[in-house]
Amino acid sequence: MAQESDLKRHLFYETSHSPSLVDLVGYENTKDIIDFCFIANPYYPTSDMLRDLQRKLPSLIKSYPSSNPLASQQNLAKVLHVNPEHLLIGNGATELIALIDETLIDHIAVPVPTFGEYLEKLKDLRDAEMYRLDPKEDYQLDLDRYLAWLHRQQIKSALIINPGNPTGQLHPLADMQRFLEKAKSLDLVVVDESFIDFAGDEIPSLLPVAEKYSNLLIVRSMSKHCGVPGLRLGYCYSGNLYLLNRLRRFVPTWNINTLAEYFLSLLPPTDSEYHKARKRLISDVRWLSEELQKIPGLRVYPTGANFVLVKVQNGMTAAQVQKQLLETHHMYIRDCSNKVGIDKFHIRIASQGREKDTKLIAALRSSSHG
């Protein structure tokens, strides 16, 4: 496997994301590796839900999904406690991000480092005004300074990812509302809340107050909080139907498949199990963060997400740490150095549950003692 990962090192330089384990080591070897790049809930879907999906698979793959998205919107709205008509479900958040960039954006402010899709799917990279976060301030976004800069630059569209990716920085709900109150002169504020369900027992989302802000568009990836990246599910929500309808015009019929559509129907009856899984993972992330802080040579950033950003301070680069863990311990972590705006010493670790996280901590401790 070491030889294979060496041979395919070029894959890390061809994307702003992490290369998939399948691309790096092949399907057969993936079962032997713990993937800490994989930002998803390890406790959901439940075993019963997976068995149900397996039973339905033969009939689902022989059927077309509904050409009317309202039923899926209603299932999702029941667990989000929002108006279903104000939801737009996509084939992953990435489909929606591409659509937003293409349809709504002429010029947008993007704090960096960030999730690469928001930059890469713009019609022209010159359509983005990058707001570079200061490494001396741990790449933290100050909302007041950001807004003042937006006004000075006369930029009318802005992105905020909350909690941040890759930083994990959480802006409390009250701070986000204060920002939005002051930002009403902007044409568009895109707030990506893909990790917000892991920010606390009470979810500090803008969903319940979205109708107050006509320029607000919330984006969420369901891969993260529902643990189903393979189903490709994400959604937008806004109190402004004009914004949503501009996007809807370009969403293909049958943009989500029957398996994803059926999964959405399972959300309402399993909502209590979902919240138990979510809170269990929050506990795991807190434990992971505390244990990482005990390891010499690592600087751990506070997080409101289900992952932890770590600065390597033992003389190794992030790529070297990643390579060592993959080849020696069969563990795959995120090297963040291919993200715009961050240095080559940051790794991101997504919790995979207490049992697997414990193995990672042991591997990092052994590496630190060298």
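**Reading the labels**

Guide: Helix 13 contributes four residues to the lining of the second largest pocket, the most of any element. Please keep in mind that we are looking at a predicted model.

Visitor: How much space lies in the second largest pocket?
Guide: About 360 Å³. Its lining is made of 21 residues, and Val79, Leu80, His81, Ile203 and His275 are the closest to the centre. Two or more lining residues come from each of helix 5 (70-80), helix 10 (222-226) and helix 13 (271-293).

Visitor: How do the residues of that lining divide into nonpolar, polar and charged?
Guide: Eleven are nonpolar, four are polar and six are charged.

Visitor: What else does helix 13 lie across?
Guide: Helix 13 lies across strand 9, strand 10 and strand 13, and runs at about 10 degrees to strand 10. Those strands belong to an open sheet of four, ordered 9-10-13-12, with antiparallel pairing.

Visitor: What makes strand 9 and strand 12 edge strands?
Guide: Strand 9 (298-300) and strand 12 (334-335) each pair on one side only, and that is what puts them at the edges.

Visitor: How do you know that strand 10 and strand 13 pair?
Guide: Two strands count as paired if there are at least two bridges between them. Strand 10 (residues 307-312) and strand 13 (residues 346-350) are joined by five bridges in the antiparallel sense, so they qualify. Phe307 has Ala350 of strand 13 as its bridge partner, and Leu309 stands opposite Arg348.

Visitor: And how many bridges join strand 12 to strand 13?
Guide: Two, with the strands running antiparallel. The cut-off is at least two bridges, so this counts as a pair as well. On this side Arg334 stands opposite Arg348.

Visitor: Why is strand 13 called largely enclosed?
Guide: A residue is buried when its relative accessible area is under 20%. Five of the five residues of strand 13 are buried, so the rest of the structure largely encloses this strand. Both faces are covered: His346, Arg348 and Ala350 are buried on one side, and Ile347 and Ile349 on the other.

Visitor: Why do the side chains of a strand split into two sets like that?
Guide: Because side chains in a regular strand alternate between the two faces of the sheet.

Visitor: What makes strand 3 largely enclosed?
Guide: The reasoning is the count of buried residues: five of the five in strand 3 (residues 108-112) are buried, so the strand is largely enclosed by the rest of the structure. Ile108, Val110 and Val112 point one way, while Ala109 and Pro111 point the other way. Strand 3 pairs with strand 4 (residues 128-132) in the parallel sense over five bridges, and Val110 stands opposite Met130 there.

Visitor: Which peptide bond joins Val112 and Pro113?
Guide: A cis one, with omega about 10 degrees. Pro113 lies in the loop between strand 3 and helix 7 (117-120). The bond from Asn165 to Pro166 is cis too, its omega being near 25 degrees. Pro166 sits in the loop between strand 5 (157-161) and helix 9 (173-182).

Visitor: Is Pro65 buried or exposed?
Guide: Buried: its relative accessibility is 12%, and under 20% is what the label asks for. Pro65 is in the loop between helix 4 (47-60) and helix 5. Not counting residues up to four places away in sequence, Pro65 touches Trp254, Ile256, Asn257, Thr258 and Glu261. The C-alpha atoms of Pro65 and Thr253 are 9.2 Å apart, although 188 residues separate the two along the chain.

Key: Residues are numbered from 1 along each chain as its sequence is written. This is a predicted model: local features need pLDDT of at least 70, side-chain atom pairs count only at pLDDT 80 or more; totals for chains, interfaces and linings use all residues. Side-chain values use heavy atoms; hydrogens and water are left out. On a 1 Å grid over the protein atoms alone, a cavity is a set of points where a 1.4 Å probe fits but cannot get out, and a pocket is an open set with protein on both sides within 12 Å along at least five of seven lines; lining residues have an atom within 4 Å of a point. Grid points are joined across faces, edges and corners, and a volume is the space filled by probe spheres set on the points. Ala, Val, Leu, Ile, Met, Phe, Trp, Tyr, Cys and Pro count as nonpolar, Asp, Glu, Lys and Arg as charged, and the others, Gly among them, as polar. Contact means heavy atoms within 4.5 Å. Axes are lines fitted to C-alpha atoms, for helices over the stretch in contact, and angles run from 0 to 180 degrees between N-to-C directions. Buried means under 20% relative accessible area, exposed over 50%, partly exposed in between (1.4 Å probe, protein chains only).
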